[in-house]
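Have the structure open beside you as you read.

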Amino acid sequence: MSTSDRRQRLLEKRPRVQLYSLVVLNSYILAPVGKYICLPVLNCYACPIGTVACPVGSITAFVMVPYFPFYVIGMLGIAGLAVGRAFCGWACPFGYVQDLLHRIPGRKFGLPRALDATKYVLLVVLVVGLPLLLGNPYDFTGTERVVFEAGGTWDYCALVCPVGTLQAGVPGLIANADFREKASWRTASKLAILAIVLALAVLSHRSFCRVLCPLGALMAIASIVKLPRLRTDQGACTRCLRCRRTCPTSSRLVPENAGEGEATSECVLCLECVRVCPEAGALSASLGGKSLVTSGGKTSE
Amino acid sequence: MSRKTWILVAVVLSVLAACLAYGIYLGDPGYVFANALAVCYT
């Protein structure tokens, strides 16, 4: 099998890659080494089996000092430059959970594009703003403080993050009587947010990524300048719009106006559009100008 | 990609690499690790 055929087949195997990522990122044995690094994926580090440090939690902790998170920003920025938001599409465990939930059959709907801006507001207010103004780094410790206690901190991890609730909060409540005793209005509100996010994931594809994920916002900014490109050849495109219907983030790849034709910063490079596109060469993904895969079953080197 | 884009990529990469290296120099990875353990085990 040629390299290009293998690349084409990889598009079919994305769910498997996501599953491997979920397992590796939650394999306790790697945690002692992995928690020194921040990958651009949402996987709660309050869970003991979590392999890597959460970039959102780490930035919040730095900002509370206050101290500019050079290391985390450098790492995320280089990842964004090298592979854009491909981590969101191929490696993020919570993205995988949402993809699985969206497979549940039933009525589906898209969210208004205006809501995409919400995650930028959350990034500015709850990851940077309030931790900078109100934060005390000594308060930002412990699952109890971050998830349960009424007197916890005022930041994204403590107030919103459904991943922390799913991976650390719910198991903590089940297994630890002390956590149950300390449960407060924050616990109730975070459980409600988790329920809403999971329900919305069934109804609207990657709704959390589009609306509530501050890491997605950060990576969208970090990947303004990036090596990967996903483009439409307007000559080959028949505007069947299968790509738009498949796109989990409603990235406007097929142009409405002349001059458009490149995926927006919302694109998570899952390449589902390339996989479903029936027209040879209408959609193509490249890395640093080198073509990786094109639609219609053909690839070029 | 055009030559202009490659220059832009090189400049951005240099800034980010400097940012990362300065963070490592200041001991940021240790703080990331300590914070991760503090959130996890306390």
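Let's start where the two chains meet. This is a predicted model, and across the interface of chain B and chain A the rule finds four residue pairs in polar contact, both residues of each pair being at pLDDT 80 or more. Salt bridges between chain B and chain A number zero. On chain B, the elements that give two or more residues to the side touching chain A are α1 (3–26) and α2 (28–41). By class, that side of chain B has 23 nonpolar residues, four polar ones and one charged one.

How much area is buried between chain B and chain A? The value is about 2,700 Å², and carbon and sulfur atoms give 76% of it. Within chain B, the residues that lose the most area to chain A are B:Tyr31, B:Val32 and B:Val39, which together make up 21% of what that side buries. Counted by residue, 28 from chain B are in contact with 38 from chain A.

Now for chain A on its own. Its secondary structure comprises 17 helices and three strands. Of its 301 residues, 52% are buried. The accessible surface of chain A comes to about 12,800 Å², with 66% belonging to carbon and sulfur atoms. Among contacts in chain A with a separation of 6 or more, 69% are between residues 24 or more positions apart.

| Residue | Relative accessible area | State |
|---|---|---|
| A:Ser207 | 3% | buried |
| A:Gly172 | 9% | buried |

A:Ser207 is found in helix α14, residues 207–211 of chain A. Why does A:Ser207 count as buried? The reason is its relative accessible area of 3%, because buried means under 20%. Leaving aside residues up to four places away in sequence, A:Ser207 touches A:Gln98, A:Leu111, A:Leu200, A:Ala201 and A:Leu212. The side chain of A:Ser207 also reaches the backbone oxygen of A:Ser204, at 3.2 Å.

A:Gly172 sits in another helix, α11, which covers residues 162–175 of chain A. With a relative accessible area of 9%, A:Gly172 is buried too.

Key
Residues are numbered from 1 along each chain as its sequence is written. Chains are lettered from A and ligands numbered from 1 in the order in which they are written. This is a predicted model: local features need pLDDT of at least 70, side-chain atom pairs count only at pLDDT 80 or more; totals for chains, interfaces and linings use all residues. Side-chain values use heavy atoms; hydrogens and water are left out. Contact means heavy atoms within 4.5 Å. Buried area is the accessible area (1.4 Å probe) that two parts lose on being put together, summed over both. A salt bridge is a side-chain nitrogen of Lys or Arg within 4 Å of a carboxyl oxygen of Asp or Glu. A polar contact is a pair of N or O atoms within 3.5 Å; within protein, one must be able to donate a hydrogen and the other to accept it, and residues adjacent in sequence count only if both atoms are side-chain atoms. Helices (H or I, at least four residues) and strands (E, at least two) are DSSP runs, numbered from the N terminus. Ala, Val, Leu, Ile, Met, Phe, Trp, Tyr, Cys and Pro count as nonpolar, Asp, Glu, Lys and Arg as charged, and the others, Gly among them, as polar. Buried means under 20% relative accessible area, exposed over 50%, partly exposed in between (1.4 Å probe, protein chains only). Accessible areas come from the Shrake-Rupley method with a 1.4 Å probe; for residues, only the protein chains shown count as cover.
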